[in-house]
Amino acid sequence: MQIASDAPATFRSSARRPGTLELLSTAFREVMSRRRLIRYLVGAEIKKKGTDTVLGNVWWILDPLMSLMVYVFVMTIVFARKQEDFAVFLLAAMIPFKWFTQTLSDSVSAVVSQGQLIKQIQFPKIVLPIVVNGAGLVNLAFGFGVLFAVVLLWPGFADHLSYMILFVPLIAVIQFVLMLGLSMFVAALTVFYRDIGIIIGHVLRLLFYVAPILWTFESATGRGDLLRQELGEVGFSLLRYNPVAVLLEAYRTCIYGVTKGESWAPASPADLGWESLAIVLLISVVLLVLGTIVFKRLEPAFAKVL
Amino acid sequence: MAQGTAVQPVSYEDTDPELSGRPQVPDDDAAPALQVQDLGVQYNLRFTRKTKLRTSFANMLHREKGDRRFWALRGASFTVRRGESVGVIGPNGAGKSTLLLVLAGIITPSEGVVEVDGHISTLLSLAAGFDQDLSGLDNIALAGALMGIPHETMVRITPEIIEFADIGPFIDAPLKTYSSGMRARLGFAIATAVDPDILLLDEVLQTGDEVFREKSRQRIISILTAAKAVVLVTHDMTWVTEFCTRAILIEDGRVTMDGAPEDVVRTHREHSAARRAARREAIERMRRGEIPIDTAATRRLEGPRKGKSGSQT
């Protein structure tokens with residue numbers, strides 16, 4: 001009785017270093033042949049998440065709700081922010097940003113935390129950052145669930161709903177590609193330089209404030225003109241057209257609408273920065289390809305270093 | 001292995017005569033399962049050491065201070081045929097575990113070639129298991145997913161694994177609550193239930209009790225009679241003479257002997273005794289002040305240091 005397996009039945013390992021194209025095709029083949037492993041690991045990841053808490057899976061919903069309440073309180077009461085329907089304004093950017101930070105900080109430990117596994121059994125390590133991104137999708141699904149529940153149930157918020165939300169999945173796909181590429185770099189390099197985890201933490205915190213989450217570029221009360229004066233053209237462009245800012249503004253246009261001072265107006269497809277989104281997609285694809293190459297290059301050393 | 005688990009000889013009189021006794025040595029023309037040629041594995045300690053603030057600045061200033069690379073294994077060549085059971089023996093840190101890691105494809109060679117023909121199943125460490133937070137049952141499924149075995153097959157063989165592992169209600173408890181014997185049984189049950197062509201075992205058998213020992217012996221013999229190969233690393237010489245059709249001695253990263261288990265074990269014992277005598281002699285001379293005190297040598301005599309970073313062995 002021979003048991004079938006997704007793993008190759010014969011292999012040859014030698015000191016030869018494969019070329020770049022070969023690395024990419026191997027990576028692609030590994031991911032395609034081990035989809036079941038990825039699905040299983042994502043499931044295990046989600047299963048583990050709630051097990052140590054009393055409320056368990058309720059946290060998937062409670063967590064975004066509570067952070068929403070914290071920020072709405074801080075911004076509307078403490079900072080006296082007068083944005084109309086601030087909860088929608090905030091959630092539209094905060095939910096995708098939480099997805100971003102969660103996935104990136106999980107990527108730091110994606111390979112490092114699996115040291116024992118890597119030293120025990122041969123499997124394509126490239127599935128590990130992919131699993132982190134897969135588990136992140138569940139996070140996003142619950143976040144958007146909360147977002148749309150709030151928009152539908154809170155009196156007056158439903159006005160923000162329009163056919164524009166049909167563009168949200170498209171923006172999410174671009175963000176997914178971007179994160180997957182970054183995950184490859186982060187997961188592989190952390191094996192050799194644990195310092196990366198600490199740096200990522202600070203970069204993400206900085207990003208939370210410099211990305212348009214609590215504020216926006218467009219409105220008259222927003223920071224746009226002020227920032228342009230403060231930072232100059234180059235600094236402003238970096239802030240305005242970095243991939244995260246472009247994506248977050250796009251989400252907000254689709255979910256909240258166009259910000260007009262403290263008020264808002266329904267958006268149309270023309271309000272989305274299509275050109276910037278296309279550039280972000282291009283950057284993301286390039287990052288994914290480079291990240292995969294770097295990951296595959298470093299992969300043989302993982303078991304020796306961990 | 002540091003404590004040298006004492007194993008009493010067992011009598012196998014009431015076991016099935018078909019399966020008792022030493023496995024048969026296969027013919028010379030049996031197909032090779034593993035082919036190793038000029039294999040070398042080099043480790044670079046640059047990324048495995050613990051860095052202190054002072055040393056990290058020092059490293060930044062002059063990068064190439066001392067060569068931090070060493071060969072854990074070099075110039076190894078041998079073939080394992082189907083139906084063969086090869087015992088790998090040698091002193092601590094000689095490169096035995098490194099050899100198994102390369103054979104399993106977990107680390108890639110720094111030089112030379114390993115050719116593997118057949119599905120490999122490994123049981124390389126008992127300290128770990130797969131996922132400490134998941135239950136034994138989930139770990140069986142995880143192992144199956146990692147080895148790429150279809151879900152239906154895993155469902156079919158899971159009862160068999162549970163029965164062999166014999167860990168009762170613990171099968172639903174997280175792996176972190178398991179004793180080392182339970183881990184050994186579960187790990188061995190999983191590694192062998194998937195019907196591998198090549199089974200690699202690293203010091204995992206001596207944890208079990210008599211019953212488990214006999215059960216695993218039967219299983220290894222039935223794997224061998226199905227013309228599959230087994231490579232096991234052990235410090236338990238009885239295992240080598242009982243289980244193996246051949247033995248390989250590794251010393252200082254080199255294959256120094258390859259032959260019949262009894263001969264290799266005898267040579268290993270002689271070499272170990274000689275090394276011990278030499279060290280004792282050296283310590284004695286240090287004590288008398290004839291040669292300068294070498295702390296490394298005394299440490300070796302007092303017992304092997306189990307590296308936390310796990311970078312060598």
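B:Glu251 lies in strand E8 (residues 246-251) of chain B, where strands (E, at least two residues) and helices (H or I, at least four) are DSSP runs numbered from the N terminus. The model is a predicted one, in which local features need pLDDT of at least 70 and side-chain atom pairs count only at pLDDT 80 or more, whereas totals for chains, interfaces and linings use all residues. Residues are numbered from 1 along each chain as its sequence is written, and chains are lettered from A in the order in which they are written.

**Surroundings of B:Glu251**
- B:Glu251 counts as partly exposed because it has 19 C-beta neighbours inside 10 Å; a residue is buried with 20 or more other C-beta atoms within 10 Å of its own, exposed with 12 or fewer, and partly exposed in between, the C-beta atoms being placed from the backbone.
- Apart from neighbours within four places in sequence, B:Glu251 is in contact with B:Gly90, B:Pro91, B:Ala94, B:Thr256 and B:His271, contact meaning that C-beta atoms placed from the backbone lie within 7 Å.
- B:Tyr178 is 73 residues away from B:Glu251 along the chain, and their C-alpha atoms are separated by 34 Å.

**Chain B as a whole**
- Chain B has nine helices and nine strands, and buried residues make up 40% of its 313 residues.
- Of the contacts in chain B with a separation of 6 or more, 76% are between residues 24 or more positions apart.

**Where chain B touches chain A**
- On the chain B side, 40 residues are in contact with 32 residues of chain A.
- Strand E4 (111-117) and helix H3 (136-147) of chain B each supply at least two residues of that side, and E4(B) gives the most, with seven residues.
- The chain B side divides into 22 nonpolar, eleven polar and seven charged residues, with Ala, Val, Leu, Ile, Met, Phe, Trp, Tyr, Cys and Pro taken as nonpolar, Asp, Glu, Lys and Arg as charged, and the others, Gly among them, as polar.

**A helix pair in chain A**
- Helix H4 (residues 86-110) and helix H7 (residues 168-192) of chain A pack at an angle of about 25 degrees, with their axes 7 Å apart.
- H4(A) and H7(A) are therefore roughly parallel to each other, a term for angles under 35 degrees.
- The contact of H4(A) with H7(A) has nine nonpolar, five polar and no charged residues.

**Confidence in chain A**
- Chain A averages a pLDDT of 88, and 96% of the residues score at least 70, pLDDT being the predictor's confidence in each residue, from 0 to 100.

Technical notes. Contact = placed C-beta atoms within 7 Å. Axes fitted to C-alpha atoms, helices over the stretch in contact; angles between N-to-C directions. Parallel < 35°, antiparallel > 145°, perpendicular 65-115°, else oblique.
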